[in-house]
Amino acid sequence: MPEQWPRALLRAALRELGYDAVGAPSLAAALHFPVDAPERGAVRLVLLDQATLADEEAASQLELLLRRHREPAPMLLSRAMPATALPPAAATVAWRRVLHRPVSVGDLVAAIQAVAPLPPGSQRPLD
């Protein structure tokens with residue numbers, strides 16, 4: 001999501017459940033996260049806002065991001081319109097879930113839990 005506050009609220013809600021969530025304001029910024037970070041583990045899910053896919057480099061950046069992190073589950077937060085109206089960069093991805101706005105942080109968390117559940121015993125808040 002391009003706005004900082006929604007990303008921060010979503011990260012906080014996910015961390016409360018035990019997810020180690022990180023956020024990036026763009027695909028280019030997300031590409032700077034290390035692939036092998038032993039203290040974090042593998043990236044299991046990438047949630048993108050449709051606005052992130054608007055620029056010309058988005059398709060190649062998204063493809064590189066997913067490939068670098070060993071094909072994590074991609075989820076898309078789209079505008080309130082049918083999925084057929086997605087930008088061309090979104091059409092090349094096998095989205096595990098597409099959520100349409102308006103959507104609450106609770107709805108996003110529930111969708112993430114369904115697509116990338118935490119292993120048993122790890123569902124605890126991170127300190």
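Contact here means heavy atoms within 4.5 Å. Keep that cut-off in mind as you click around this predicted model.

Start by colouring on pLDDT: the chain averages 85, and 88% of the residues score at least 70. Among the elements, helix 5 (residues 105–115) has the highest mean, 96, while helix 4 has the lowest, 77.

Now select Thr52. You'll find it in the loop that runs between strand 1 (45–49) and helix 3 (58–68). Is this threonine buried or exposed? Its relative accessible area is 15%, which is under the 20% cut-off, so Thr52 counts as buried. Show its surroundings next: setting aside residues up to four places away in sequence, Thr52 touches Leu27 and Ala58.

Hop over to Leu27, which takes you into the largest nonpolar core, a set of 17 residues. Leu27 is one of the members touching the most others, along with Leu48, Leu53, Leu62, Leu76 and Trp95. Which elements give two or more residues to this core? Highlight helix 2 (27–30), strand 1, helix 3 and helix 4 (88–91). Helix 3 supplies the largest share, with four residues.

Notes
Residues numbered from 1 in each chain as written. Predicted model: local features only at pLDDT ≥ 70, side-chain atom pairs only at ≥ 80, totals over all residues. Heavy atoms only, no water. Buried < 20%, exposed > 50% of the residue type's maximum accessible area, 1.4 Å probe, protein only. Core = buried A, V, L, I, M, F, W, Y, C linked by side-chain atoms within 4.5 Å. pLDDT = per-residue confidence, 0-100.
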